[in-house]
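Please read the points below alongside the model.

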Amino acid sequence: MKRLFRITNQNRYVSTSRSSKGACWPRPDYGPMEVQRSVMMNGIKVAAAKPLGSQIAACTIMYQAGSRYEIDDQLGASHFIRAASSATGCGYTSFAKMRYLQQNGGSITCSSDRQNISFTLRCPPTVFSELKNYLLDVASRCCYHPWEIKDRKTLIREDLVRIHPEQRVIDLVQKACWTGQLSNSVFCEEGRIDEMTDNSLNCFARTHFKSSHCTVGSVGVPFEETLKLAEKIEYKREMPEQRQEKQSCPRGGFELFDLGRDSDTWIALAVPGCGTCDVPCLFKHAIIAAACGTGNMQAGQHGTDRTPQPPLGLMAGDDIFTEYKTFNLSYCETGIFGIVAKTRAATARKAAVSAAEFLAHVGDLNFKQIDVGKQRLTLHDEDCVKVSEGLALQLANNVQIDSAKNSMSVIDMLCPDEISCTAKMISSKCSQMAMAVVGDVDAVPHDAELGVK
């Protein structure tokens, strides 16, 4: 789950997890000790975390410009932008970026979902001032030359072939769950690849890569350096006009992708969940997902070396080829909550029915299981890229908790009765259940045959 935080009306302030009166600040228990924030006149929001003793820094430029904002001839634009993040910009060639970044121990990554697209620079703090211009060139000054877009089309086709089945089924179940723009895939469809042009990409970037939709988060970078970078994203001081957000409605559909007879099968079932605009409810959904089991208790070299998280992880019994886990995805105003199962074709029907029944009865979680979910959710890591992207996401959603320790306090304060009520509410939405299948589609019952609607 991504951490989120609320912004006040102050333009610049400092929040600390410990008293600032101490002569010597020890290392914080969890996450960064100090977070400085600012809101620029053109709408760009900035946050910089200052962990002590950081050896690697990260800075993220995030736009609210995910695939949900694609329309008409722009469908698939976010996938092309990810692929073109290494292309030539206004200031540097593709070769110059790759060579200089590698020489200085840095890297730039681009990731996107239905809500956001983010560009993150990871490098030693001592060379950030030299490498930040490369981040600006990738995030806000990419040219999308026709010859480079043509070269990227081969990469896009290869991406479609390399998509992991679990990633594909999660993408398809979101398409099945919604009507409207939230049904847009984060991948460009095969039929749209040849139709994508540089004009479509530049139009998408001009429309959605605006200062009012932009946030900047950093960790291990001085606040002044982060502000200087934010100022170069957009030189205009005027706030752009606010974008009209279009709502999507649940449809409870069915999507499939056939991998052939007797192939391994992935099944995803989901119901409407909670958006990032309601933080307490978002935490409740995350606790419920963790209480059901979101994966394995520890990572091993092989799937059979891992112990599943109960109760969902124990549904497979002695079948070592079947795995279940919950997922909780949130957009700005809504989200989805569901279960994904991976199994063989011979047991696909049983796995689908079991997952549907579990989702329909998720409201039966007891207080002990909810408490276990809280404990699982409080596990954390301090990866600088995740922290910087988390800060940018928090700014985009106008919420604030400066560290993992503060989020743990919020989790502890949530009443088990309220979490149980939220779980029962999730169960009551089974009439809106969406389903997606990747694998042997003939071995899986249709959503109408599951008997939960």
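1. Helix α3 (residues 128-140) and helix α8 (residues 223-233) have axes that come within 10 Å and cross at roughly 30 degrees. Since angles under 35 degrees count as roughly parallel, that makes α3 roughly parallel to α8. Axes are lines fitted to C-alpha atoms, for helices over the stretch in contact, with angles from 0 to 180 degrees between N-to-C directions. Helices (H or I, at least four residues) and strands (E, at least two) are DSSP runs, numbered from the N terminus.

2. This is a predicted model: local features need pLDDT of at least 70, side-chain atom pairs pLDDT 80 or more, while totals for chains, interfaces and linings use all residues. Residues are numbered from 1 along each chain as its sequence is written, and side-chain values use heavy atoms, leaving out hydrogens and water.

3. On the α3 side, F128, S129, K132, N133, L135, L136 and S140 meet E225, K228, L229, K232 and I233 of α8 (contact: heavy atoms within 4.5 Å).

4. Five strands form an open sheet with mixed pairing, in the order β10-β14-β11-β13-β12 (strands pair if DSSP finds at least two bridges between them). β10 (254-258) and β12 (323-330) are the edge strands, each with a single partner, so one side of each lacks a neighbour in the sheet. From one strand to the next, the twist averages 15 degrees.

5. Strands β11 (residues 265-272) and β14 (residues 434-439) pair in the antiparallel sense over 5 bridges. I267 stands opposite V437 in β14.

6. Helix α10 (residues 348-360) packs on the sheet, touching β11, β12, β13 and β14, and its direction makes about 20 degrees with that of β11.

Notes:
Parallel < 35°, antiparallel > 145°, perpendicular 65-115°, else oblique.
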